[in-house]
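User: I have a new structure open and would like a walk through it. Can we take it piece by piece?

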Amino acid sequence: MANQVGNIYKNLDPRIRLGVQVVGFAVGIYIIYRLIKGVNTLQQDQQFQSEEQSTANELVQLNKNPYTRQKITEAMAKSYANKLYQAMNGLGTDEQQIYSVFYKLQNDADFLAIQNAFGTKTISSGSYFVSDVRGTMVTCLSSELDIDETKKVNDILRSKKIKFRI
């Protein structure tokens, strides 16, 4: 069987053999690229796991106290986290959508609930020329927002007496 394939390959036009070789080389390079990218993503995720655990622990502590417990439900936190993701993902950023989420927060626990619901995500740049961003909510927001937009989000948080900043 292998001998027959070898004979067929040898009898092909040299230009076609070159094309087969180039395609095989490209497929090999792509597989190596995906393997390296997968390993890098795994290493990044390990980095963010401790940050996510810290957020979850702090949220549990705040929720033990009736004066500091979160005011939004878990479903709302997931919805807000998804709104933030949608506002950042792809080409362009919907800053107004981001501001609207932070205007709805009432305390530190609400911020942590959204950060916890956000987890670790990859934000697509929407372009082949700009790399994607992978990280927690704060990491992604820091990457997506410019200085003035970050200041506005931090001003919203400060006005609500939320200690966390972007």
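Analyst: Aspartate 155 and arginine 158 both lie in helix H7, three residues apart, or about one turn of the helix. Helices (H or I, at least four residues) and strands (E, at least two) are DSSP runs, numbered from the N terminus. This is a predicted model: local features need pLDDT of at least 70, side-chain atom pairs count only at pLDDT 80 or more, and totals for chains, interfaces and linings use all residues. Residues are numbered from 1 along each chain as its sequence is written, and side-chain values use heavy atoms, with hydrogens and water left out.

User: What do the side chains of aspartate 155 and arginine 158 meet in?

Analyst: They meet in a salt bridge, 2.7 Å from N to O. A salt bridge here is a side-chain nitrogen of Lys or Arg within 4 Å of a carboxyl oxygen of Asp or Glu. Salt bridges that share partners join Lys151, Asp155 and Arg158 into one network. The link between lysine 151 and aspartate 155 is 3.1 Å, N to O.

User: How many residues apart are lysine 151 and aspartate 155?

Analyst: They are four residues apart in helix H7, so about one helical turn separates them. As a general point, an α-helix has 3.6 residues a turn, so residues three or four places apart point the same way.

User: Changing topic. How many aromatic pairs are there?

Analyst: The count comes to three. Rings of Phe, Tyr and Trp (its six-membered ring) pair if their centres lie within 6.5 Å; planes under 30 degrees apart count as stacked, over 60 as edge-to-face and the rest as tilted. Tyrosine 30 and tyrosine 33 form a tilted pair, 6.4 Å centre to centre with 35° between the planes. Both tyrosines lie in helix H2, three residues apart. Tyrosine 30 is partly exposed at 48%, and tyrosine 33 is partly exposed at 45%.

User: Why is the pair of phenylalanine 111 and phenylalanine 164 stacked?

Analyst: The ring centres of phenylalanine 111 and phenylalanine 164 are 5.1 Å apart and the planes are at 10°, so the pair is stacked. Phenylalanine 111 is in helix H5 and phenylalanine 164 is in the segment after helix H7 (147-159), 53 residues apart. Phenylalanine 111 and phenylalanine 164 are buried. Ring pairs link Phe102, Phe111 and Phe164 into a cluster.

User: How many of the residues of helix H5 are buried?

Analyst: Nine of the 11 residues of helix H5 (residues 108-118) are buried, so H5 is largely enclosed by the rest of the structure. Among them are Leu112, Ile114 and Phe118.

User: What caps the N-terminal end of H5?

Analyst: Asparagine 107 does, with a side-chain oxygen 3.2 Å from the backbone nitrogen of alanine 109. Just after H5, glycine 119 takes a positive phi of about 65°.

User: Which rings does the charged end of lysine 121 sit over?

Analyst: The charged end sits over the ring of phenylalanine 118, 5.6 Å from its centre, and over the ring of tyrosine 85, 5.8 Å from its centre. The rule is that NZ of Lys or CZ of Arg is within 6 Å of the ring centre and within 35 degrees of the ring normal.

Methods: Buried means under 20% relative accessible area, exposed over 50%, partly exposed in between (1.4 Å probe, protein chains only). A polar contact is a pair of N or O atoms within 3.5 Å; within protein, one must be able to donate a hydrogen and the other to accept it, and residues adjacent in sequence count only if both atoms are side-chain atoms.
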